[in-house]
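Subject: Structure for your review

Dear colleague,

Please find below the structure that I am handing over to you. My notes on what was found follow directly after it.

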Amino acid sequence: MWQEDLTAQVAAALDRDDLVLVRAPADRGDWATLVLPPRPVGSVLDLPVVQWATWEDGRLFLTLTTTARGQVVADVLTGRTPPPPAPPPADSERARRSAALARAGGGVELMPGRLYPVRRAHARTAMLLRQGVDHGVLPAPEDPAGNVPPGVLAGIWRDLAHTRTEDARTRALLLALAAAHLARHRARLQNRGAPVVSNLRQITDAFTDWFAHSRATPRGSITPDAPIMDTYRLNLALACATGLVLRTGLRELGLTAPENL
């Protein structure tokens, strides 16, 4: 699920309109609040999307359910974006910092080659989808350009996501994707590209690790109804969602997203 959606649900459960969530260390959960006065976690644990929650060192650490983490793929593939977060109070430190950054503008100088790994990652997602069609994992697209519509992969994710298992690499990629929309919102609010650049790098690092250890197409001849093919289709849906987020972020920075490198 998008970071903003989770923040809204947790904020309502804790009755805090100033809640901020950040990525938690991998060994302590998925997300964490900044330092807050401890409160009972029962209201948070009652949220269907939360599997586990605990207070440690004045911060609330959250682990989502597998379904909740995977929701971001469905949202990306169907084009669903969360509502914009409420602006912080005008006299808050967050508001003053955002205003100062907006006045400064600029932020990151996009030197040639600086985001080459991001553009390469996008090209790899496109390559995986082409291979998926070539190996019969995905249906041949009607598009003359050979592009598989995201709606096809959204249907695959909707029908098969409940069967998937999740390793640490997939989890890291899903969490990086979940932060993408808020990063773009902050970049526009602050008039600088740094939030998008940082998020794109996180997604790229997670995708590169996932890409090196996952398969999305068979090595040999396998019938289309073999059980392993559903795993490949789910991986291709995740790759497609990753490519869409990378492309959106690159375009936000005025850069192209190549299909081949």
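D5 lies in helix α1 (residues 3-14); helices here are DSSP runs of H or I with at least four residues, strands are runs of E with at least two, and both are numbered from the N terminus. With a relative accessible area of 14%, D5 is buried, where buried means under 20% relative accessible area, exposed over 50% and partly exposed in between (1.4 Å probe, protein chains only). Not counting residues up to four places away in sequence, D5 touches D75, R80, P82 and P83, contact being defined as heavy atoms within 4.5 Å.

Please note that this is a predicted model, in which local features need pLDDT of at least 70 and side-chain atom pairs count only at pLDDT 80 or more, while totals for chains, interfaces and linings use all residues. Residues are numbered from 1 along each chain as its sequence is written, and side-chain values use heavy atoms, with hydrogens and water left out.

As to the chain as a whole, its secondary structure comes to 10 helices and 4 strands, in the order α-β-β-α-β-β-α-α-α-α-α-α-α-α along the sequence. Of the 261 residues, 47% are buried. Among contacts between residues at least 6 apart in sequence, 70% join residues at least 24 apart.

R23 and A179 are separated by 156 residues in sequence, yet their C-alpha atoms are 8.8 Å apart in space. R23 is partly exposed, with a relative accessible area of 35%. Leaving out residues up to four places away in sequence, R23 touches D30, W31, A172, L175 and A176.

Three of those partners, A172, L175 and A176, bring us to helix α7 (residues 168-178), in which T170, L173, L174, L175, A176, L177 and A178 are buried. The N-terminal end of α7 is capped by D167, with a side-chain oxygen 3.3 Å from the backbone nitrogen of R169.

R164 sits in the loop between α6 (150-160) and α7. Its relative accessibility is 12%, so R164 counts as buried. The side chains of R164 and E166 are joined by a polar contact of 2.9 Å; a polar contact is a pair of N or O atoms within 3.5 Å, of which, within protein, one must be able to donate a hydrogen and the other to accept it, and residues adjacent in sequence count only if both atoms are side-chain atoms. Apart from neighbours within four places in sequence, R164 is in contact with T66, R69, G70, W157, T170, L174 and L234.

Helix packing was examined for two pairs that share α9. Axes are lines fitted to C-alpha atoms, for helices over the stretch in contact, and angles run from 0 to 180 degrees between N-to-C directions.

The axes of α5 (residues 116-134) and α9 (residues 194-213) come within 9 Å and cross at roughly 45°. That angle makes α5 oblique to α9, given that angles under 35 degrees count as roughly parallel, over 145 as roughly antiparallel, 65 to 115 as roughly perpendicular and the rest as oblique. The crossing of α5 past α9 is left-handed, meaning that the near helix is turned anticlockwise from the far one by less than a right angle (clockwise would be right-handed). The contact involves P117, V118, A121, R124, T125, M127 and L128 of α5 and L200, R201, T204, F207, T208, W210 and F211 of α9. By class, this contact of α5 with α9 has 9 nonpolar, 3 polar and 2 charged residues, where Ala, Val, Leu, Ile, Met, Phe, Trp, Tyr, Cys and Pro count as nonpolar, Asp, Glu, Lys and Arg as charged, and the others, Gly among them, as polar.

The axes of α9 and α10 (residues 227-252) come within 10 Å and cross at roughly 155°. These two helices, α9 and α10, are therefore roughly antiparallel to each other. α9 passes α10 in a left-handed crossing. On α9 the contact is made by V196, L200, I203, T204, F207 and W210, and on α10 by N235, L238, A239, T242, V245, L246, G249, L250 and E252.

Finally, two loop residues deserve a look at the backbone. D57, in the loop between β3 (50-56) and β4 (59-64), is not a glycine but has a positive phi of about 55°. N191, in the loop between α8 (180-190) and α9, is likewise a residue other than glycine with a positive phi, near 55°. D57 counts as exposed at 66% relative accessibility, and N191 as partly exposed at 48%.

With kind regards
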